[in-house]
Every structure is written in C-alpha cells, then in structure tokens.
Amino acid sequence: MTFGRMAFRNDSSVKEFILLGLTQQPELQLPLFFLFLGIYVVSMVGNLGLIVLIVLNTHLHTPMYYFLFNLSFIDFCYSTVITPRMLVGFVKQNIISHAECMTQLFFFCFFVIDECYILTAMAYGRYAAICKPLLYQVTMSHQVCHLMMVGVYVMGLVGATAHTCSMLSLTFCDGNIINHYMCDIPPLQKLSCTSTSMNELVVFVVVGVNVIIPSLTVFISYTLIISNILGIRSAEGRSKAFSTCGSHVIAVSLFYGASAFMYLKPSSASVDDDKVSTIFYTILGPMLNPFIYSLRNKDVHIALRRTLKKSMFA
C-alpha cells in the first residue's frame, strides 16, 4: 500500500506551473500590463540604441564603452527573459511547463550574475582611469578587457548551472502555483515536497560569492577613487571626476541593494516584498541603465548626433 502511494506520488509529480503574477487584483491587471509594456519597450529601445551607437561610432571603441556595450546586451537579454512572461500574466492564466520554468531560471541567473561582474569590471575600469591614468592603456588593454568579459560570462555560467541543477533535484508533488511573476528560487523552494536545506545552502554560497566579492571590489575601487579625487587641487577636476563616477555609483546601488535584499534575508519574509525587490533589478534596472549612463554623457550625445545626421543624409 505504501509502495502504491509512493508510485502514485512519483507519477503525479508536477509537469507545469501556474505563475500568479504581480497582483491578483483584477482592476490593476490592465493598467499594470500597459505600464510594464511601456517599461519593456523603453528598455529595449534604450539598450539596443546604446549598442548600435557604440558599434557605429569608432570614438566609443574604448574600454569604458566596451563594458557599457556588454552591460546593455546583458540588460536587453535578461529583461527579455523576464518581462514578456510577466506581461502574459496580466491578461490570462500564465501556465509554464517545468522545462520552460527551469530554462527561465537558468537564463535569469546567468544574466543577473553577469550583471554583478560587469558592474565590477566597470568599477575597476574607472579606478584605472582615475588612479592610474599613465598606465591606463596597459592596465585596460584590449586583451585584458576581453579576458575580463570571459570571466564575467564564465561566472554567470557556473552560478546559473549550480542554481538550476539544485532546483532540478527538487520534487514538486502537489502544489503547482508559484506566487510570483517568474520562476525564481525562493517561490520554487516553497513548493517543493522534499527537503530544501541543500538548496538553501547552494543559494547562500553562490549568491554570497556573487554579491559579496563584487560589492567588496566595487567598494575598494571607489574608496581608492574618492581618496584620489580629493587629492585633485582644481575644483573643476574634482567635479569632472565625480561626474564620471556618479552614474556608475547609482547603477551599482540600485542593483546590489535590491539583489542583496532579495536573497540575503530570512526565508520567512513576505512574498510581496520579494516581488517588489525583484522588479527593481529585473525590470526597472535594465530600463534605467541606458539613461543613467547617457543623459549626462557628452560622448554619447556626440555619437547620437553623428548617427542621426548620417541617417538623415544617407
């Protein structure tokens, strides 16, 4: 009899999930659909626009814009991994298969870890430009930049594989309703009918490594940058240096603050808090980054004017 129940339980393991979405209030579904559709369109246009500008304008072929190109590519990709599925949930029941759920989880983890390290690489680039300007061409050579980007994507691959394999080891027996707008780790763990202690350890280790090490690197880089800037005698020079770093500090604060709050907190925290915090770094971050890095950037403004002139007279 026990064997029969066990066999039935294994045969009836969940093959698909229902994503509840951001809210269950019907009157909010349509307004939120148009709001997040607008955010997604702006995000796509902003990131693709920066990618095109950097490719077409040779004066932007520098280490700073090489990293910005990759940041825009990463933002474009992982916003696309999350937002379209979220939009579906506003207009109809959002059913996702187990395989699709794990695929979304993998690419989400891959791109979000990539973002951790690309922001770190950009911080190091600013440190090299401000603190070691005479050695900048050697410190940030093409080979060094390419190797750093390989490291970024390798860390993303390793972290995403660890998270996904950890989730694949879980069994989902009865519950198939994910109280979220995407397949994320905490809501999936809550549905598991097997122990998640090992999964929680994997999350703690992988997220800890991929948040603490980059954030410490960023902190040390900016500590050295600030001490160097304060040593600049001219007020104009200090202002220019602070302006160069300001956009990156805003992007880093938004991303690391939201991601650390999401994953490095007790599992008993509210699911609604989880949803709100993930919105900041999965949806709002990719939309804001192109504006953060381009609104006060003279090089980008020049590149945009040149590109528009060429397209008008082509």
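**Disulfides and other contacts**

C173 and C193 are joined by a disulfide, S to S 1.9 Å, where a disulfide is taken as a pair of cysteine sulfur atoms within 2.5 Å. Before going on: this is a predicted model, in which local features need pLDDT of at least 70 and side-chain atom pairs count only at pLDDT 80 or more, while totals for chains, interfaces and linings use all residues. Residues are numbered from 1 along each chain as its sequence is written, and side-chain values use heavy atoms, with hydrogens and water left out.

Back to C173 and C193: the angle about their S-S bond is 50 degrees, and the link is right-handed. This pair links distant parts of the chain, 20 residues apart, with C173 in the loop between helix 6 (142–168) and strand 3, and C193 in the loop between helix 7 and helix 8. Helices here are DSSP runs of H or I with at least four residues, strands are runs of E with at least two, and both are numbered from the N terminus. C173 is buried at 5% relative accessible area, whereas C193 is partly exposed at 36%. Buried means under 20% relative accessible area, exposed over 50%, and partly exposed in between, with a 1.4 Å probe and protein chains only.

How many disulfides does a search of the whole structure find? It finds two. C101 and C183 form a disulfide with their sulfur atoms 2.0 Å apart. The torsion about that S-S bond is about -125 degrees, so this disulfide is left-handed. C101 sits in helix 4, and C183 in the loop between strand 3 (177–178) and helix 7 (185–191), 82 residues apart. Both C101 and C183 are buried. With the bonded cysteines numbered in sequence order, the pairing is 1-3, 2-4.

Next, charges. Side chains of opposite charge can pair when their charged atoms come close. The rule is a side-chain nitrogen of Lys or Arg within 4 Å of a carboxyl oxygen of Asp or Glu, and the count comes to one salt bridge. R85 makes this salt bridge with E100, the closest N and O atoms being 3.8 Å apart. R85 lies in helix 3 (residues 63–91) and E100 in helix 4 (residues 98–131), so the pair ties together parts that are 15 residues apart in sequence. E100 is partly exposed, at 40% relative accessibility.

On to the rings. Rings of Phe, Tyr and Trp (its six-membered ring) pair if their centres lie within 6.5 Å; planes under 30 degrees apart count as stacked, over 60 as edge-to-face and the rest as tilted. That gives 10 aromatic pairs. For Y66 and F67, the ring centres are 5.7 Å apart and the planes at 55 degrees, so the pair is tilted. Y66 is partly exposed at 23%, and F67 is buried at 1%. Y124 and Y127 form a tilted pair too, 5.9 Å centre to centre with 40 degrees between the planes. These two tyrosines, Y124 and Y127, are three residues apart in helix 4, separated by about one helical turn. Ring pairs also link F106, F107, F110, F111 and Y153 into a cluster.

Last, V203. V203 is in helix 8 (residues 197–230) and is buried at 11% relative accessibility. Its C-alpha atom is separated by 9.5 Å from that of G159, 44 residues apart along the chain.
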